Amino acid sequence: MIFSMTGYAARTRDVECGSLHLELKSVNSRYLDFQFRICEELRVAEPALRELISARLSRGKIECRLNFIPAATKAVPQALSGELLARLADFDAQVRAALPHAAPLSVGEVLRWPGMFGDDSLDVEALVPEALALLREALDDFTASREREGAKLADVIRERVARIREHVRLVTPLIPAAQAAFQDKLRQRLLDALGSVDDERVRQELVLFAARIDVDEELARLTTHLDEVERVLKAGGATGKRLDFLMQELNREANTLGSKSVLSAVSQTAMDLKLLIEQMREQIQNLE
């Protein structure tokens, strides 16, 4: 399977005191980079979340958002904390003694005071396993989305490979005749320029020139590299770096093909190949 580095997933999980909402998204990156945006109550879970993501992903810039949403309706205890209420009254008296014009605490402020109805703090130890379970579910969705995107990218790359093969197939039969015709012209020019030089010297010069314009090796290596691209895509897994290296090799052969060309059709083919290779490279930059 081929995986893109671009993906998205979001999951929500109900817990006893509310709900957890987790969101994952990623873009391409040479390495595995993290950015966590976690509510303060669950900040303690970040190392475990990081470890779980690292076990499933190898490349990409990952953004993980985790929020806790308290339950909208909770059973409200009927009894106030007498101890806390007395302490607030004492504090209020002290403040007003020092600052006579200070406004007293309102009933609403007293009722909203943390702990007024007892211990209303979150049980973080119980929430962390729930957050990890939620992340596992989100990672399944996230991986599936990256796989779908990777399959589309792989199809695009295969289509470019097929077009390169077609260019090579069409231009290959034209090369021998074009090279022979060019050498005949060059031979006549040499004879005209050198005049008295024997025919053996001309033949040697033509042999050297023929070696410089021979593109058989470039065409063979192009085909070999294209075979390897298709093999890597078929094997799947982490393919991005290997395919990027192959694009460099393909581009090198296309450049050499263009520099050795003695036929306008070959020069045009070299330019077309470079464009297709660059298009493939843009897609490969998004692969894991």
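**Entry 1: Ile62**

I began with the surroundings of Ile62. Leaving aside neighbours within four places in sequence, I found Ile62 in contact with Leu24, Lys25, Ser26, Leu32, Asp33, Phe34, Gln35, Leu57, Phe142 and Arg146. The model is a predicted one. Ile62 lies in strand S4. I looked up its accessibility next: Ile62 counts as buried because its relative accessibility is 2%, and the limit for buried is under 20%. I also took one C-alpha to C-alpha distance, from Ile62 to Val27, and got 7.0 Å for two residues that are 35 apart in sequence.

**Entry 2: the chain as a whole**

I then listed the elements. The chain holds nine helices and four strands. Read from the N terminus, the order is β-β-β-α-β-α-α-α-α-α-α-α-α. I noted that, of the contacts with a separation of 6 or more, 78% join residues 24 or more positions apart. The chain has 288 residues, and 35% of them are buried. For the accessible surface I have about 16800 Å², with 53% of it belonging to carbon and sulfur atoms.

**Entry 3: Ser19**

I went to strand S2 for Ser19. Is Ser19 buried or exposed? Ser19 is buried, since its relative accessible area is 11% and buried means under 20%. Not counting residues up to four places away in sequence, Ser19 touches Thr12, Arg13 and Asp14, and also Asn67, Phe68 and Ile69.

**Entry 4: helix H1**

I checked which residues of H1, residues 46-56, are buried, and noted Glu46, Leu49, Leu52 and Ile53. Why do they fall on the same side of H1? They cover an arc of only 130° around the axis, so they share one side of the helix. An α-helix has 3.6 residues a turn, so residues three or four places apart point the same way. On the other side of H1 I found Pro47, Glu51 and Ala55 exposed. I looked for what covers the buried residues of H1, and the cover includes strand S2 (18-27), strand S3 (32-38), strand S4 (60-70) and H4.

I gave Glu46 a separate look, as a residue of helix H1. Glu46 counts as buried because its relative accessibility is 17%, against a limit of under 20%. Leaving aside its neighbours within four places in sequence, Glu46 is in contact with Phe36 and Ile38.

**Entry 5: nonpolar cores**

I turned to the largest nonpolar core, which has 29 residues. Which of its residues touch the most other members? I noted Ile157, Ile164, Val229, Leu243, Met247, Leu250 and Met280. Helix H4 (124-171), helix H7 (216-235), helix H8 (240-260) and helix H9 (264-284) each supply at least two residues of this core. H4 gives the most to the core, with seven residues.

I followed Ile164 further. Not counting residues up to four places away in sequence, Ile164 touches Leu226, Leu273, Leu276, Ile277 and Met280.

**Entry 6: helices H7 and H8**

I compared the span of each helix with the one expected at 1.5 Å a residue. H7, with 20 residues, reaches 29 Å from its first C-alpha to its last, close to the expected 28 Å. H8, with 21 residues, reaches 31 Å, close to the expected 30 Å.

I also listed their buried residues. In H7 these are Glu218, Leu219, Leu222, His225, Leu226, Glu228, Val229, Val232 and Leu233. In H8 they are Gly240, Leu243, Leu246, Met247, Glu249, Leu250, Glu253, Ala254, Leu257 and Lys260. After H7 comes Gly236, and I noted its phi as positive, near 75°.

**Entry 7: cysteines**

I searched the whole structure for disulfides and found zero. Cys17 counts as partly exposed because its relative accessibility is 26%, which lies between the limits of 20% and 50%. Cys39 is buried, since its relative accessible area is 14%.

Conventions: Residues numbered from 1 in each chain as written. Predicted model: local features only at pLDDT ≥ 70, side-chain atom pairs only at ≥ 80, totals over all residues. Heavy atoms only, no water. Buried < 20%, exposed > 50% of the residue type's maximum accessible area, 1.4 Å probe, protein only. Contact = heavy atoms within 4.5 Å. Areas by Shrake-Rupley, 256 points an atom, 1.4 Å probe, with all protein chains shown as cover. Core = buried A, V, L, I, M, F, W, Y, C linked by side-chain atoms within 4.5 Å. Disulfide = S-S within 2.5 Å. Arc of directions from axis to C-beta. Expected span 1.5 Å × (residues − 1).
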